[in-house]
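Please look through the sequence and the model shown below before reading on. The report then starts from a single residue and widens to the whole fold.

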Amino acid sequence: MEHLAVIVGGVIVVAIVTALGRRLNIAGPLVLVAIGLVLAALPFVPDIPEVDPEWILVGVLPPLLYSSAVQLPAIEFRRDFTPIAGLSVVLVVGSAVLLGFFFTWVIPDLNLALGIALGAILSPTDAVATSIVKRMGISTRVTTMLEGESLLNDATALVLLRTSTAAIAAGFSFGETILSFLWAVLIALVIGGLVGWVNLRVRAWVGHSAANTAISFAIPFIAYLPTEELNGSGLVAAVVAGIVTGQGAARRFAPEQRLSEEANWRTIELVLEGGVFLVMGLELTDVVNKNLTE
C-alpha cells in the first residue's frame, strides 16, 4: 500500500509541476529532481527501492521515444530530415569517438572501447536543455530540428554504448565494432519500418478510436522486442515505427482517431518522463552515499 500511495502521489506531483512550470516558465524536469531530493530527505517518506535499469530501458524509453516520434510535424520533418540525421547520428557518433580518444589520452589505462562508451553517455543533447530552448522564442524550423535530433540522438548513443560495452567484454576490434553498430541500426530500420507500415493499415481497418489507441500502446514494444532478439536496437526500431506512423497518420486515420491518440499519448509521455526525473531525485542521495561509502 505504501508503494501505491507513492505512485499516486508521484503522478499528482508530476501533473502539478508540469502545469506550474509552463505558467512560471521554468524547466519542469529540474523542479522534479529538486522535489525528489527534498522528499528523499523527509523521514516520513518511505524508502524507494532501487529501480532496475532494465525497467527504464524496456518499459519507459520505447513508449517515450515512440510518442515523440509520432508527434513530429510531418512536413517539417521531411524537409529537414538530412540535417536532423546529421545531428542525431553523424554528430553523436563523431562526438563519442572524439571523446573516447580524449578520455584514453587523459585517463591512464583506459582502453578506447571504454572511452567511446563514456563519450556515448555524454554526447546526446539533454532533454532539459531542449525543453528550455523551445521556450526561448526560436523559429519553428529550428525547434523541429532540435526535437527530431533529441529524439534520435538518444537511440544512436545507446546503440553506440551497447556496441562499445560488448566490445569491452569480447575484446575490442574496430572493424567488428563498426559492423555490429551498422547491423544494430539496419535491423532496427527494417523492423521499425515494417511495424509502422503494418500499424497504419491495421488501425485504419479497425477504425474505432478507443481500440485504435489501445493498439498504439503496444506498437513500441512490438517494434522493440523482436529487434532486440536479433541483436538490433529496439529503441531505434520504436523511433522508426513512430516516425512511419506519424508521417502516415493524416492519410490513414480519421481526425477523431488522431485526436484521441494524441491526447492519450501526451498523458503517458507526461507521466513517464516526469516520473523518471522524480525518481532520479529520490534515488540521487542514496546513489551518492553508496559511492562515498565504497
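Leaving aside its neighbours within four places in sequence, with which residues is Val236 in contact? Val236 touches Ala155, Val159 and Ala188, where contact means heavy atoms within 4.5 Å.

This is a predicted model, in which local features need pLDDT of at least 70 and side-chain atom pairs count only at pLDDT 80 or more, while totals for chains, interfaces and linings use all residues. Residues are numbered from 1 along each chain as its sequence is written, and side-chain values use heavy atoms, with hydrogens and water left out.

**Overall fold**

The protein has twelve helices and zero strands, with helices (H or I, at least four residues) and strands (E, at least two) taken as DSSP runs and numbered from the N terminus. Of its 294 residues, 36% are buried; buried means under 20% relative accessible area, exposed over 50%, and partly exposed in between, with a 1.4 Å probe and protein chains only. Among the contacts with a separation of 6 or more, 79% join residues 24 or more positions apart. The protein exposes about 16100 Å², of which carbon and sulfur atoms supply 71%, the areas coming from the Shrake-Rupley method with a 1.4 Å probe, and for residues only the protein chains shown count as cover.

**Nonpolar cores**

In soluble globular proteins, nonpolar side chains tend to be buried together. A nonpolar core is a set of buried Ala, Val, Leu, Ile, Met, Phe, Trp, Tyr and Cys residues joined through side-chain atoms within 4.5 Å. The largest one here has 30 residues, and those with the most contacts inside it are Tyr66, Leu160, Val195, Val236, Val239 and Ala241. Several helices each supply at least two residues of this core, including α3 (53-70), α8 (140-170) and α9 (174-206), and the largest share, seven residues, comes from α11. A second, separate core of seven residues includes Val14, Leu32, Val33 and Phe277.

**Salt bridges**

The structure holds two salt bridges, each defined as a side-chain nitrogen of Lys or Arg within 4 Å of a carboxyl oxygen of Asp or Glu. They are set out below with the accessibility of each partner.

| Pair | N to O distance | Relative accessible area |
|---|---|---|
| Arg203 and Glu261 | 2.8 Å | Arg203 1%, Glu261 5% |
| Arg266 and Glu262 | 3.3 Å | Arg266 45%, Glu262 36% |

Arg203 in helix α9 and Glu261 in helix α12 (residues 255-293) are 58 residues apart, and this pair links distant parts of the chain. Arg203 is buried, and Glu261 also counts as buried. Besides Glu261, the contacts of Arg203 beyond four places in sequence include Tyr66, Asn212 and Phe253. In the other pair, Arg266 is partly exposed and Glu262 is partly exposed; because these two residues lie four residues apart in helix α12, Arg266 and Glu262 are separated by about one helical turn.

**Aromatic pairs**

A search of the whole structure finds four aromatic pairs. Rings of Phe, Tyr and Trp (its six-membered ring) pair if their centres lie within 6.5 Å, and planes under 30 degrees apart count as stacked, over 60 as edge-to-face and the rest as tilted. The rings of Phe102 and Phe103 have centres 5.9 Å apart and planes at 55 degrees, so this pair is tilted. Phe102 is partly exposed, at 40% relative accessible area, whereas Phe103 is buried at 14%. Elsewhere, ring pairs link Tyr66, Phe217 and Trp265 into a cluster.
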